[in-house]
Amino acid sequence: MDGLHHHLRVEPYPYQREGIIYGLDKKRLIIGDEPGLGKTLQSIGIVDTANAYPCLVICPSSLKINWQREFEKFTEKSALVLDNSVRTTWPYLLKMGMHHVAIVNYESLRKYFVWDINGRTGSNGSSGKGNQSFRLKDVVFCPQIRMFKSVIIDESHRVKDPSAQQTIFTKGITTGKEWIILLSGTPVVNRPEDLVAQLSIMGRLQEFGGRTQFMADYCIDPKDKKAEPAVPLSVLSRKLYDTCMIRREKAKVLPQLPDKTRIDLYVDIDNAPEYNLAAADLAAYLQQYTECTDWEIRRKMRMEALVRFMTLRRLATLGKVAQATDFIRTFLENGKKLIVFCSLHEVVDGLVKAFPGAVTVTGRDSAVEKQAAVDSFQNNAETMLIICSIKAAGVGLTLTASSSVAFLELPWTYCDCCQCEDRAHRIGQKDNVTCYYLLAGGTIDQAVYRLIQDKKNTAAQIMNSDDDIPTEEAYFNELVNLFMENGDMQDGRAEDNPVPG
């Protein structure tokens, strides 16, 4: 046995146990595992086993709710997402032990933790001087940051620029902390100097001779293509692994992994008022429907209710596009290709606008265009993202250039989910396939996803997936029951707060 005595509610894979043990030994480290290997679980395991609470998690906006759910799924601790409702009370909530973890996105560090910068109000970046550069010594942090015993920094390559505001704030927050855990599938994005700020945040830069020595040893003039660093990068690599970094690739730990890993990611919607109005309207309409006794009227009301269900699904999907875009951008920063499934034309168009280099396979593309998109994704290293329609790309295509699939919209059946997942999980795929389901929290997404899960072991499920049968109609009664049962999906209870920062 490896001697790890944890209190997690799940048993980590052997390589994850190794990561937790490494972290407990080093305390200030980078977990650089490839995406899909469970960096989140390992960092939570380190914090929880060390009882290093309160803990602060700094992460991309689209991953805040996921971090909250993961902490509460894997441990007995309560996690708090920082938003406007707790802007002034979060220190009290942590101090009183009502919560043990605070979660904040990078863009909101100033809002919650900075009091002043050179005499300017820290939370108001709109002042005339607000965009001027500053140094760490100019920042006045709120004293409550001292209560955090540990800090987890997710996608830490986002703080690789030493002069960026978010890097400066992160450095100030982590200064003097015993436990600092950086997570990134690509700690070095382009050049060795990407590590300088991350090593500084961990309080380990001096172990590499300080910034000036690090630059002299390992960095070269990017204009001089023939230059070699003064010290071989293999020396830097060995020193990183010896002192503060652990990294595993999917291919190396494949025997420990299942063929597929499914991850549910809950995100906030940014159109909550509009969604809540439609949800309340649907709830009232369904109440009339259930009370109606006339068969012919009920039949007509049923068809109208189906239309309203579809409208609600559309609103839930459109409301999560901004967070989905943030997730995709965060994922692609790791240098790995991604397959995205959705249905609405507005969603496809929005994603293409956000990611101009993406290719598409949708009902609007010709057969030649679809094949060209697939070929580019499979064979062109520059094509990192393919956006697929669930119906147009759900069968027949081979997309094994990626082992990661993300659903922005849900098919109606478990069978359809598997068909889409299996564009990557097929002959030629050498890796475990990770499937991300982006679900709009507190919306009809949850009802549909629960319905899919409930149906996945039912043989009749496959029969209902025939294109001639509108599956939303086949599931109508169950949808009504789930929708009416779940108060979070009606009566204006979806999250109203915009994403902070």
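Modeller: Here is a short tour, from the whole chain down to single residues.

Biologist: What kind of model is this, and how are residues numbered?
Modeller: It's a predicted model, where local features need pLDDT of at least 70, side-chain atom pairs count only at pLDDT 80 or more, and totals for chains, interfaces and linings use all residues. Residues are numbered from 1 along each chain as its sequence is written, and side-chain values use heavy atoms, with hydrogens and water left out.

Biologist: How many helices and strands are in the chain?
Modeller: There are 21 helices and 16 strands. Those are DSSP runs numbered from the N terminus: helices are H or I with at least four residues, strands are E with at least two.

Biologist: And what share of the residues is buried?
Modeller: Buried ones make up 53% of the 501 residues. Buried means under 20% relative accessible area, exposed is over 50%, and partly exposed is in between (1.4 Å probe, protein chains only).

Biologist: Which residues touch the most other members of the largest nonpolar core?
Modeller: Ile339 and Phe341 do, in a core of 52 residues. A nonpolar core is a set of buried Ala, Val, Leu, Ile, Met, Phe, Trp, Tyr and Cys residues joined through side-chain atoms within 4.5 Å. Another core, of 49 residues, lies apart from that one, and Ile31 and Val321 are among its members.

Biologist: Back to Ile339, what is it in contact with?
Modeller: Leaving aside neighbours within four places in sequence, the contacts of Ile339 (heavy atoms within 4.5 Å) include Phe377, Leu399, Ser402 and Ala424.

Biologist: Ser402, then: buried or exposed?
Modeller: Ser402 has a relative accessible area of 2%, so it counts as buried. You'll find Ser402 in the loop between α16 (390-393) and β15 (404-407). Not counting residues up to four places away in sequence, Ser402 touches Lys337, Leu338, Ile339, Phe377, Ala424 and Gln429.

Biologist: New topic. Where is Ala322?
Modeller: Ala322 is in helix α13, residues 321-332. Its relative accessibility is 42%, so Ala322 counts as partly exposed. Ala322 and Val267 are 55 residues apart in sequence, and their C-alpha atoms are 9.7 Å apart in space.

Biologist: Why does Met98 count as partly exposed?
Modeller: Because its relative accessibility is 48%. Met98 sits in the loop between α4 (90-95) and β4 (101-105).
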